[in-house]
Amino acid sequence: MSLHTNLTGRLRNTNLRKSHGLFPVFEAVVNSLQALEENNNLLTGGTVTLKILRSQQASSELDDSEHCSEIVSFEVHDNGIGFNEENMASFETLDSDHKIGKGCRGVGRLLWLKAFDRADVTSAFKSDSSGIIKRQFSFTAAQGIKTQNHEPDPNGEGPFSILTLSGFDKKYRDACPKTATSIANALLEHCLWYFVREYSVPRITIKDGTETIALENLFDQYMHSKASKESIDIKGYAFRLTHIKFHASTKKKHSLALCAANRLVQEIPISHQIPGLFGKISDEAGEFIYTCYISSDYLDGHVRPERTAFDIADDIGGILEDVEVSFKDMQRHVLARSKQYLNNYLSENLKACRERINQFVSEKAPRYRPVMHLINQQEFSVDPRMSDKELDTLLHKQYSDIERQLLVEGHEIINPAIESDMGLYQKKLKAYLKKAEDFKKSDLASYVSHRRVILGLLEKYIGQMDNGKYVHEELIHQLIMPMRKTSEEVSTDACNLWLIDERLAFHDFLASDKSLRSMPITDDSSTKEPDLCALNINDNPILVSEKKSMPLASLTVVEIKRPMRNDASEGEDKNPIEQALGYLKRIREGEVKTTSGRPIRNSLEIPGYVYVISDLTPTMVERCELASLTEIYDGMGFFGYNKPRNAYIEVISYDRLLQSAKERNRAFFDQLGLPA
């Protein structure tokens with residue numbers, strides 16, 4: 001029983017991505033190379049010419065900053081064996097196995113009609129009985145193959161073939177390269193295998209009007225040095241590797257190039273997959289880009305009919321794991337050989353990589369230092385030009401992976417197998433505890449590093465801006481604690497109360513720029529808003545007094561003023577000391593309560609602590625003196641006790657605030673190697 005083929009339906013079921021619009025043209029060039037091989041003149045006078053035919057109307061499209069007319073068709077000329085009877089019969093048979101030994105699937109001509117309206121062929125071939133025979137035919141989706149003539153040509157020269165692909169589909173035309181140079185580069189990529197073989201290179205020429213490009217010259221410009229070849233075995237299949245160094249001036253990237261039937265099918269970028277392989281690498285002849293071309297009967301047998309991808313699984317498990325080759329298998333084995341091939345060229349990159357990581361960890365991310373020895377330095381490499389953000393992200397991923405593994409180990413340690421060897425168990429436990437200790441050090445390093453950043457911001461904020469002015473106090477306020485928030489709304493990590501006093505971190509309630517009447521610790525109805533207000537409740541020490549049933553408490557009020565502000569005067573609205581004491585008075589008179597609403601006895605007697613953060617301008621110094629405060633030894637602040645308000649007062653200049661915070665943290669910074 002014979003089966004009929006629906007050409008239109010077959011074309012509909014043939015896939016060609018928009019980005020592969022030139023693929024049918026390149027396949028036609030490869031067909032011409034095969035015709036030269038059949039004619040035994042591939043390396044002895046055989047030529048292939050690809051002509052680019054354009055419209056006369058200039059296009060607005062740009063490529064490489066050049067104006068180009070629209071491409072309307074291509075011509076492929078060769079002096080190969082021609083469309084003889086055998087080749088013609090194969091052409092008329094879809095899925096022909098005529099050239100199956102060369103990896104051909106008999107579907108290449110379908111791709112012509114995916115990107116073009118028609119294909120026209122003029123060819124001459126030698127016949128044993130009739131001399132030179134000339135054949136002409138057209139190929140379209142609507143009519144299939146339509147023969148115009150087939151007759152002897154006694155005076156003709158041959159053999160030869162001319163293929164014209166016309167009616168370039170706009171979808172593919174718009175997506176393809178425009179200039180002859182870019183098309184020549186792409187064609188060289190596609191059939192590079194013919195050039196890196198041990199034989200002489202074929203003669204392929206691109207013609208675009210008056211411009212002519214010889215691919216052999218382009219190949220010479222591409223190649224950095226002679227290719228190196230080897231063969232490896234993967235699950236019983238032979239894979240041939242060709243290591244190539246391209247000149248660094250090319251636009252290529254380090255990659256693996258998977259080939260089938262002497263064509264490039266798929267490229268896989270491999271930068272960073274080999275330690276030190278990033279950017280450009282160098283040998284004695286200069287900088288180069290590395291590509292490993294991979295060919296194999298296995299790849300030939302698993303390439304898809306349109307030769308734009310492979311039917312190979314990314315990974316394979318189960319019963320097929322030992323017999324089928326996956327992409328993961330190929331990459332692992334090939335990258336191991338690539339690493340060996342490039343080993344002598346990556347030392348400088350690896351050195352620069354280590355220096356970049358060490359500098360970043362030492363100066364900006366000390367949290368990673370305790371766990372750096374847990375990261376496989378041989379497998380982890382980065383481009384020294386990588387931004388801090390990108391490097392931090394990569395290090396954090398490594399950190400998270402190690403932490404996840406630590407969690408798994410922890411479960412195994414806590415729940416050991418019954419049959420576990422005690423000596424082995426103790427060894428695992430010791431290693432686990434050491435790793436856990438390193439992570440705790442990392443957490444501390446992260447915390448201390450954060451403090452160093454905050455101090456840097458504070459130092460920047462209190463300085464004079466380019467316009468001669470100073471930042472508003474709100475910016476500094478936000479640095480210490482987010483405004484219009486309470487301790488119930490923000491985490492401790494979001495606050496930097498330690499800038500003022502480490503003890504402020506220990507509070508039961510803290511409000512930032514919230515009205516007194518909104519605070520659960522008092523019933524005062526005032527709408528006044530202290531910059532910071534904190535209530536701290538301490539449980540009674542055991543055996544101190546059996547009569548006391550309520551905990552001891554203290555109130556803290558912080559007022560923050562704009563750097564170099566010099567308008568302090570009498571009155572609560574202008575004097576930050578009076579302002580803070582006024583807040584204390586209102587809170588106490590509103591009857592101080594715990595956050596749960598329980599009253600605190602003798603709330604009028606609860607001690608108060610007042611911090612005023614302000615530069616010691618003349619008017620501020622005058623307010624301090626009138627409040628009978630004492631100047632501290634370094635002249636950068638005042639302190640004292642206000643008996644009527646039962647409040648300890650400290651006025652801190654911004655210079656002292658910064659200096660004091662630095663001194664308190666200096667030991668930690670020194671331990672981590674951070675500048676204080």
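At 11% relative accessibility, Asp513 counts as buried (under 20% relative accessible area; over 50% is exposed and in between is partly exposed, with a 1.4 Å probe and protein chains only). The model is predicted, so local features need pLDDT of at least 70 and side-chain atom pairs pLDDT 80 or more, while totals for chains, interfaces and linings use all residues. Residues are numbered from 1 along each chain as its sequence is written, and side-chain values use heavy atoms, with hydrogens and water left out.

Asp513 lies in the loop between strand 16 (509-512) and strand 17 (532-538). Helices (H or I, at least four residues) and strands (E, at least two) are DSSP runs, numbered from the N terminus. Asp513 is not a glycine, yet its phi is positive, at about 60 degrees. Arg484 also has a positive phi, near 60 degrees, and is likewise a residue other than glycine. Arg484 sits in the loop between helix 14 and strand 15 (485-486). Most residues other than glycine have a negative phi.

Helix 14 spans residues 473-480. Its buried residues are Glu473, Ile476, His477, Leu479 and Ile480. Seen down the helix axis, they fall within an arc of 160 degrees, so they line one face of helix 14. The arc is that of the directions from the helix axis to the C-beta atoms. Helix 4 (residues 108-115) is mostly covered, with 7 of its 8 residues buried. Those buried in helix 4 are Gly108, Arg109, Leu110, Leu111, Trp112, Leu113 and Ala115.

Leu36 belongs to helix 2. It is buried, at 0% relative accessibility. Leu36 and Gly80 are 44 residues apart in sequence. In space, their C-alpha atoms are 4.1 Å apart.

The largest pocket has a volume of about 1000 Å³. Of its 34 lining residues, the closest to its centre are Ser182, Asn185, Ala186, Glu189 and Glu267. Elements giving two or more residues to this lining are helix 2 (23-38), helix 6 (180-190), helix 8 (215-222) and strand 12 (263-269). Strand 12 gives the most, with 6 residues. The lining divides into 13 nonpolar, 13 polar and 8 charged residues. Here Ala, Val, Leu, Ile, Met, Phe, Trp, Tyr, Cys and Pro count as nonpolar, Asp, Glu, Lys and Arg as charged, and the others, Gly among them, as polar. The search used a 1 Å grid over the protein atoms alone. A pocket is an open set of points with protein on both sides within 12 Å along at least five of seven lines, whereas a cavity is a set where a 1.4 Å probe fits but cannot get out. Lining residues have an atom within 4 Å of a point. Grid points are joined across faces, edges and corners, and the volume is the space filled by probe spheres set on the points.

A search of the whole structure finds 25 salt bridges, each a side-chain nitrogen of Lys or Arg within 4 Å of a carboxyl oxygen of Asp or Glu. Lys252 forms one with Glu189, the closest N and O atoms being 3.0 Å apart. This pair links distant parts of the chain, 63 residues apart. Lys252 is in the loop between strand 10 (237-247) and strand 11 (255-260), and Glu189 is in helix 6. Both Lys252 and Glu189 are buried. The relative accessible area of Lys252 is 11%.

Lys252 also meets Glu267 in a salt bridge (3.2 Å, N to O). Glu267 lies in strand 12, so the pair ties together parts that are 15 residues apart in sequence. Glu267 is partly exposed, at 35% relative accessibility.

Lys328 pairs with Asp315 in a further salt bridge, with the closest N and O atoms 3.6 Å apart. Lys328 is in helix 10 (residues 327-342), and Asp315 is in the loop between helix 9 (297-302) and helix 10, 13 residues apart. Lys328 is partly exposed, at 46% relative accessibility. Asp315 is also partly exposed, at 46%. Elsewhere, salt bridges that share partners join Glu473, Arg565, Asp567 and Lys574 into one network.

The whole structure holds 0 disulfides (pairs of cysteine sulfur atoms within 2.5 Å). For Cys259, the nearest cysteine sulfur is that of Cys292, 9.4 Å away. Cys259 is buried, with a relative accessible area of 4%. Cys533 is buried too, with a relative accessible area of 1%.
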